[in-house]
Structures are given as structure tokens and as C-alpha cells.
Amino acid sequence: MRAIEITRSGGPEVLEWREVPDPRPDRGDVLIEVTASAVNRADVHQRMGRYDPPPGAPPYPGLEVSGVVAEVGADVEQFKAGDEVCALLAGGGYAERVSVPWQQVMPAPQGVRLAEAAGLPEVACTVWSNVFMTARLRRGETLLVHGGASGIGTFAVQLAKAMGARVAATVGSAAKAERVRELGADEVVNYREEDFADKVEADVILDIMGAKYLSGNIRALRTGGRLVVIGLQGGRKAELDLGALLAKRAAVHGTTLRSRPVDEKGAIVRSVVDSVWPLVSAGAVRPVVYAELPMSEAAEAHRLVDSGEHVGKILLVR
């Protein structure tokens, strides 16, 4: 089969479409004939040598796919050849085929094209597990989403609105602000012009920045608020004012998804299928796709991500 290999650490030019060994499913795996994958920020960090895949994961980038089941392992009863599915991966999505534990496989939701479904597993599992399972956002509360125009951001805005929350988001341009408002955001702050902590009070904050935003996030939290840090684009280390945290009786959660054990990922996946897929099928939450490129042009897709101009997801389609 063919897959995108990272030939060395560096820019998008290090991604090459090459012949690689075929994957084989273990007893508990599902082999998927890939229809599409999607580009995530983690893929960019892996390309640059900053984020190695977990032990045992394929070396190729790609944390999610959609496609058709080609084969199942001897112990798999939940899926069969011919099923249209999407899946959360530890790696290997930029390929013609991928083998994945059955617990991380989901039926493709009704109402979206199979290729579009490739842009759902990572964002759906990330947002649902962090905002709802960990931070327990409730109807009527306010969620602040940093990077509201990103793949995670566009999904979080829609899902929180569909669940009855008020939503605020940060973005980096007027054009992105307009698009995020169209998705349902009640308040949008251009971080290049304003300090979000002066504008927003939130019960839950979903943060991709880390150190750079820590003090502002604590300021923006309401009493009893919950900050969930899922990214470190703004650095790893910052000083935390524990007095301010205590005064607000607030909580700070740090989480990852990619390196979790299969059983933990499986629990998240099942909860997403039960709670989120009906909203997708009903049209209340939709994949936001900025561009679709052939998988062999993964380098160009990464250039688009590096530019920061996109809103939503960029798909790689076979």
C-alpha cells in the first residue's frame, strides 16, 4: 500500500507518498480501507519532530480516518467487512489502509458524506471528553473556546450550543470572527486587538495555548469554574496564582487523548456515538471543512495549516 512518510523532521516538503508494508489486523483489530483522513495540529508537531507517536502506533501521521471495513480480526464481532466507519487513531491515517483496535471504531454518522466523516473522530472525542466528561459543562453555563476557528474550536462551538450552553470564542481575524459567529458563538474576541480576560466570564474554558494564557484563563473563570488545558501552543511553563485559584474554588485539568489506553479511548468513543452522533445526524452539529486535497498532496495540506488561514478541518481524500 501507499502512505505518507515523514522522511526527516522539517517543513511540509518532508512528507512523501511512498510504498510501505501492508498493515495486518490483530485479533481485536479492524482493517479499514481509507476513504479520507484529516490534518490535525498534532500531525504538524510530529512532522517537525516534536511529537512522536505512542509505542506501537504506525509511524505515519494521521489521527483519524473514515472508510470501509476491509477485514476484521478473529475476536471482533462489532463490525464486519463492508461497514462504513470512522475511527480515532494513535497514528497512521495518511495511508490507503490502517488497522485499528475495534474499540476506537465508530459507525459513520448518518447525514454526512463518508469523506467528511474523517474530520469528526478527533474533534468529537476531544471536545466531548474534555468539555462534557471532564469539565461537565451544563446547560446555561458559558464555555470559552480558544482557537474558535480551528477544527476543535468549530466543533466545540456547535456542540456546546446544541447542548444549551452560551459560547464565547477567541479568534485572530475579523473574517474568522464572522465565521465563528455563524456557527453559533454568542461572543467572539479578536485576541490581536483585545484581552479576552477583560471581555469574558466563563464556567468552562477549553484551552489549546497553555502557558501563555494561564493567568488570563484564571482571571476569566467564574467561581467554581473549570479550565481544561489540551494544548501547549503558547508554551509549557507558567506561574500559577494559587490564591486566585482558591478564591474562585476553580479547577485546572490537563489532558491528552492520543496516548490514552485503548479501553479509555473506547469509553470515550462509545459515549460520542451515544451522545454526539445523533446531533450530527440531525444537522445540529456539522463538520466544518475548509478544503479537500488528494492524500498524495499532504504537503500542500500542511502548508495550509501552517499558514493559519483555514477555518475548520482540511481533509486528505483518496
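Strand 6 (97–101) and helix 8 (262–275) each supply at least two residues to the lining of the second largest pocket; helices (H or I, at least four residues) and strands (E, at least two) are DSSP runs numbered from the N terminus. The greatest contribution to this lining, four residues, comes from strand 6. The model is predicted: local features need pLDDT of at least 70 and side-chain atom pairs pLDDT 80 or more, whereas totals for chains, interfaces and linings use all residues. Residues are numbered from 1 along each chain as its sequence is written, and side-chain values use heavy atoms, without hydrogens and water.

A pocket is an open set of points, on a 1 Å grid over the protein atoms alone, where a 1.4 Å probe fits, with protein on both sides within 12 Å along at least five of seven lines; lining residues have an atom within 4 Å of a point. The second largest pocket holds about 330 Å³, a volume being the space filled by probe spheres set on the points, which are joined across faces, edges and corners. Of its 22 lining residues, Gly56, Ala57, Ala90, Pro101 and Gln104 are the closest to the centre.

Helix 8 also meets helix 2 (residues 121–134): their axes come within 10 Å and cross at roughly 90°, the axes being lines fitted to C-alpha atoms over the stretch in contact, with angles from 0 to 180 degrees between N-to-C directions. The two helices are therefore roughly perpendicular, a term for angles of 65 to 115 degrees. In this contact (heavy atoms within 4.5 Å), Ala124, Cys125, Trp128, Ser129 and Met133 of helix 2 face Ile268, Val269, Ser271, Val272 and Ser275 of helix 8.

Note on methods
Parallel < 35°, antiparallel > 145°, perpendicular 65-115°, else oblique.
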